Amino acid sequence: MENIEIARRLEELADLLEIQGANPFRIRAYRNAIRTIGGLTRPLQEVADEDGLTDLPGIGKDIAASIRELLDTGRLSVLDEITAEVPRELATLTRLDGVGPKKARKLWKELDVTTPDELEAAAKEGRVAALAGFGKKSVEKILRSIEDFRKHQGRFLRAEAAQYLRPLLAHLEGVEAIRRLEVAGSYRRGRETVGDIDLLVLVEDEDARAGVMEAFTGFPGVDRVAMSGETRGSVVLTSGLPVDLRILGPESYGAALHYFTGSKEHNVEIRKRAQKRGLRVSEYGVFQVEEGEAGDTDPSSDASSDSSSGDASSGAGPQAGRRIAGATEEEVFGSLELPWIAPELRENRGEIQAAEEGRLPALVEAGQLRGDLHMHTTWSDGRDSVREMAEACRDRGYAYMAITDHSQAVTVARGLTPERLREQWGEIDQAREEVEGIRILKGCEVDILKDGSLDLPDEILEELDIVLVAVHSHFDLDQATQTERILSALRHPLVDILVHPTGRLINRREPYLVDMEAVLQGALEHGVAVELNTNPRRLDLHDRHLFRARELGVPVVISTDAHRTAQLAYVEEGIRQARRGWLEADHVLNTGSWDELDRWLHRSKG
Ligand SMILES: [Zn+2]
Ligand SMILES: [Zn+2]
């Protein structure tokens, strides 16, 4: 069992204990343990094998025993006990904005409400507003968050799904008959969230199929098997992630990979293109359409990719006609006179035309980044010291980095006053001496106050090497006010980068209302770069905005916003998003050398 899954179980337990009204110290102990697990860079299994669980901060004997039980059996008896008493769904209610554990308990005890559906019904009948502690406003907020919840239900952050998937992939990689193994679908296209996983395996020997299917459905991390056929199986992992497996032969592997990677819209365009050439593309291959058959197929008619219904047959049958391609994706594209198109681009946003005209972008890669310009330390809400962050950045091979703790207005994150910021510079100066081979910039993530002014005086900002600005409060302003607030920050002559520009938290908080077109235009006019924040929960900017930034020529900075050294690895998530936004190295400011960045930091601003 992966760390993230163990943390999730413990979190569920802590939520249910809190609803039950258990001892607060016990609940806090679980929350501390969850935080520790979240920061671990090694698998708990490994720590447990070395008998080191109780050496971890915040993990005592009892919690260590729970972790062991999860690792050994996949179950947690305390969780089983408590769910006999407290309905498990209640943990979901506490995830809703405006419903904490105390309110969830009240809803359950007094209204017998345990699910979002029941809560919505009760709220609409006026029964919730009648409870003490729930006003009309809070009921409105709850109804809105139920709507959001429905939108996100069943969607996993891609980064989360990747962790759930990893042990299964490792398991299948050990199966000898499998020659190739790939994850298709929106996962392969690098979408920020995924609903389910489509796994494709290439098995040459037909007699080996049954064994491969058994290896898949028999994987210990499988919670239930929904279907198990000769070439297709479908399971749900203990994490709740649904996974489909398709077993393919060599002649159609590439066609299936293309077909199940999608997107649906991209596939429709591909089929139209094929039709014009007298060809038919399906999950089985590319086929020459026989005499008299052409014209009776509708390229947009069949369901594909994300819906994974799997039957692409149309017209004269899926495999009718002479097969001209299918073994590889390159072959499939080639048969349509196109170069291979990177999966991140397959959203029907002009990629087929770009491919045809030979102007597909040379998409940015993680190895091209020369530095990380947004991170936190123990000076605000980070966990590691300036020096630890610097060493970790140097170890990643970066040429430069920026320390950017919060400013004073963000009190929950222990934001820095001018005095404490100056104190921090002493520590950065020291790190500059001790950690060689990397430039350490003195920066700050300066809060944009409600009126659009900045949270630190100009004298201080002038002394910084780099100034980031961000919104951390008053998310509920109307669009015109919010946009003007951000634009006035961009007009400030000392501002370099607007970070996490829309403020969204994927599956948790919608972006605040802001006119991004106006913000990007403002950034262009005032010489400010925009951030692609690579925290998997943020991935802010969105790919469409990145695409627009590229079009306008607004420089993009890809930064992790790491709050501990391990999070510097979030860069991988961001690179995918950048590629979905068609970004090339030239569009990304921090692919430049130190000299180039230095020159930009000393630019004259509009
Ligand atoms: Zn921030
Ligand atoms: Zn930050």
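Reader: In this model, is the crossing in which α1 passes α7 left-handed or right-handed?

Author: The model is a predicted one. Helix α1 covers residues 3–20 and helix α7 covers residues 101–111. The contact is made by Glu 18, Ile 19 and Gln 20 of α1 with Pro 101, Ala 104, Arg 105 and Trp 108 of α7. The crossing of α1 past α7 is right-handed.

Reader: Which residues of helix α17 are buried, and where on the helix do they fall?

Author: The buried residues of α17 (residues 386–395) are Val 386, Met 389, Ala 390, Ala 392 and Cys 393. In an α-helix, residues three or four places apart point the same way, because there are 3.6 residues a turn. Seen down the axis of α17, the buried residues fall within an arc of 165°, so they line one face of the helix.

Reader: What covers the buried residues of α17?

Author: Parts that come later in the chain take part in the cover. They include β12 (400–403), α18 (418–434) and β13 (439–447).

Reader: What is the relative accessible area of Leu 44?

Author: Leu 44 is found in helix α3. Leu 44 touches Asn 3, Ile 6, Ile 37, Leu 53, Leu 56, Ile 67 and Leu 71, leaving aside residues up to four places away in sequence. Buried means under 20%, and the value for Leu 44 is 0%.

How values were computed: Residues numbered from 1 in each chain as written. Chains lettered and ligands numbered in written order. Predicted model: local features only at pLDDT ≥ 70, side-chain atom pairs only at ≥ 80, totals over all residues. Heavy atoms only, no water. Axes fitted to C-alpha atoms, helices over the stretch in contact; angles between N-to-C directions. Helix = DSSP H or I, 4+ residues; strand = E, 2+ residues; numbered from the N terminus. Left-handed = near helix turned anticlockwise from the far one by under 90°. Contact = heavy atoms within 4.5 Å. Buried < 20%, exposed > 50% of the residue type's maximum accessible area, 1.4 Å probe, protein only. Arc of directions from axis to C-beta.
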